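The sequence and the model are shown first.

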Amino acid sequence: MSLWSSKVSFEDYYVDDIFPLVRSAKLKINKKSVYTPLLWLGHLPSAQPHIWNHFDIETIMVSAYEIIRNRRVYEEICEKGIHKYLGFDGLVIMDSGGFSFQKKDSLEVDPEDILELYEMSKPDLGVVLDHPLNPLENEMKNKDRWMKTLQNSDLMLKNGKIPLIPVVHGYSLEDLRNSCNDIKKIHENPPIIGLGSIVPLIFKCRGSKKFKNSVNFIIDSVRMVRKEFPDSLLHVFGIGSAKSMHLMYSLGVDSLDSMGWRLKAAYGCIQLPGVGDRYPLNKNNGRPSLSKDDKKLLDLCECPICRYKSLKEKIEVLDSDFKSRAIHNAWVFMRERDLYYEKLLDGSCFDFCNERLKKGFFSKHFNYALQEVVHQKLG
Ligand SMILES: [Zn+2]
């Protein structure tokens, strides 16, 4: 038993009849509690906007990488604690930033450094320092990365004083099962389990021979980790966009995070419910701008930016101002999560997901996910 296990609980609350793995449960950490499924909005520690000052939000994720690379920010966060530094009293996950550290090999970091930061800054949850896999790398190198992750997991889970999330990785179901077993030897029943190395499967593998059906592999991976850790909250790192969240939640993922609201705003894009990236104004450059139907959706938006504005005013401000786009996008993301939660409780989450996923990139994968459900029911 780890030093922190008693501080976290995850209790079953509601299970859907159609999707056997879909559930909503209460996550309790220290004295705070939230209902899953969750969406953690990624926040850059020293950047604007502070979303929680614009509307109510309970879950934020920050990265240790972004804190460690800036000495001044690091010292202030360690001195005040992360909640006071941000002015946010909801739940904060601090990710180790393993992926970012790996991308910039020059920056060396030890699991002890990360633990020290977690203990000084006191987020509600920390993530074990992992070494994510790369689908385009050879197997030996990826095996090596898992061994490093495992060593860090052992050290951090045994010595950490704040609640920690171990993360499993694997690019075959066999590797993934082995990595689940490796983690169980350290902590048999972690309250929260993470699944990592998924983002590059969506973005790097289109057209790659080795991963022809990378999204279907993600679906199988999620099922396997849920089976291996049935009582743990399952967090999948990095794919909580307004498009992918419905697929992930319908597979039984309990928790997602995303920086997409901010990144898309930085590229000039806005989000709308059930619609891909859109540019607010048509500038005749071939980029997708708002269709008639999209405009109808935008007209209905009640986010803190759009509220009380005419459609024309909304388009103007979303076109010209990054911060407005970021707040609008964050609102759309959170609203989609809230809607999913409402539909789950009233028994219509299947219809809702079907409606959201029937068009676009994820539609055929949703069908694959459904086939498996039918199999399980018949079996
Ligand atoms: Zn809006």
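A residue is termed buried when its relative accessible area is under 20%. The model discussed here is predicted. By that criterion, five of the five residues of strand β6 (residues 91-95) are buried, so β6 is largely enclosed by the rest of the structure. The side chains of L91, I93 and D95 point one way from β6, whereas V92 and M94 point the other way, and all are buried.

The setting of β6 is an open sheet of nine strands with parallel pairing, arranged in the order β8-β7-β6-β5-β4-β12-β11-β10-β9. At the edges stand β8 (164-165) and β9 (167-168); each has a single partner strand, so one side of each is left without a neighbour in the sheet. In general, the strands of a sheet pair through backbone hydrogen bonds, either parallel or antiparallel.

The pairings of β6 can be followed on both flanks. Strand β5 (residues 59-63) runs parallel to β6 and is joined to it by five bridges, with T59 opposite L91. Two bridges join β6 to strand β7 (residues 125-127), again in parallel, and here M94 has G126 as its bridge partner. Elsewhere in the sheet, strand β4 (residues 38-42) is connected to strand β12 (residues 255-258) by four bridges, the two strands running parallel. In that pair, L41 stands opposite S258.

Helix α5 links this description to the helical packing. It lies across β6, β7 and β8, and runs at about 165 degrees to β6. Helix α5 (residues 111-121) also meets helix α6 (residues 139-159): their axes come within 10 Å and cross at roughly 30 degrees. The angle therefore makes α5 roughly parallel to α6, and the crossing is right-handed. On the α5 side, the contact is made by P111, E112, I114, L115, Y118 and E119, and on the α6 side by N152, L155, M156 and N159. These residues divide into six nonpolar, two polar and two charged.

Helix α12 (residues 292-300) and helix α13 (residues 311-320) pack at an angle of about 95 degrees, with their axes 9 Å apart. Because of this angle, α12 is roughly perpendicular to α13. In their contact, K295, L298, D299 and L300 of α12 meet L311, K314, I315 and L318 of α13. The residues involved comprise five nonpolar, no polar and three charged.

How values were computed
Residues are numbered from 1 along each chain as its sequence is written. This is a predicted model: local features need pLDDT of at least 70, side-chain atom pairs count only at pLDDT 80 or more; totals for chains, interfaces and linings use all residues. Side-chain values use heavy atoms; hydrogens and water are left out. Axes are lines fitted to C-alpha atoms, for helices over the stretch in contact, and angles run from 0 to 180 degrees between N-to-C directions. Angles under 35 degrees count as roughly parallel, over 145 as roughly antiparallel, 65 to 115 as roughly perpendicular and the rest as oblique. Contact means heavy atoms within 4.5 Å. Ala, Val, Leu, Ile, Met, Phe, Trp, Tyr, Cys and Pro count as nonpolar, Asp, Glu, Lys and Arg as charged, and the others, Gly among them, as polar. Buried means under 20% relative accessible area, exposed over 50%, partly exposed in between (1.4 Å probe, protein chains only). Two strands pair if DSSP finds at least two bridges between them. A crossing is left-handed if the near helix is turned anticlockwise from the far one by less than a right angle, and right-handed if clockwise.
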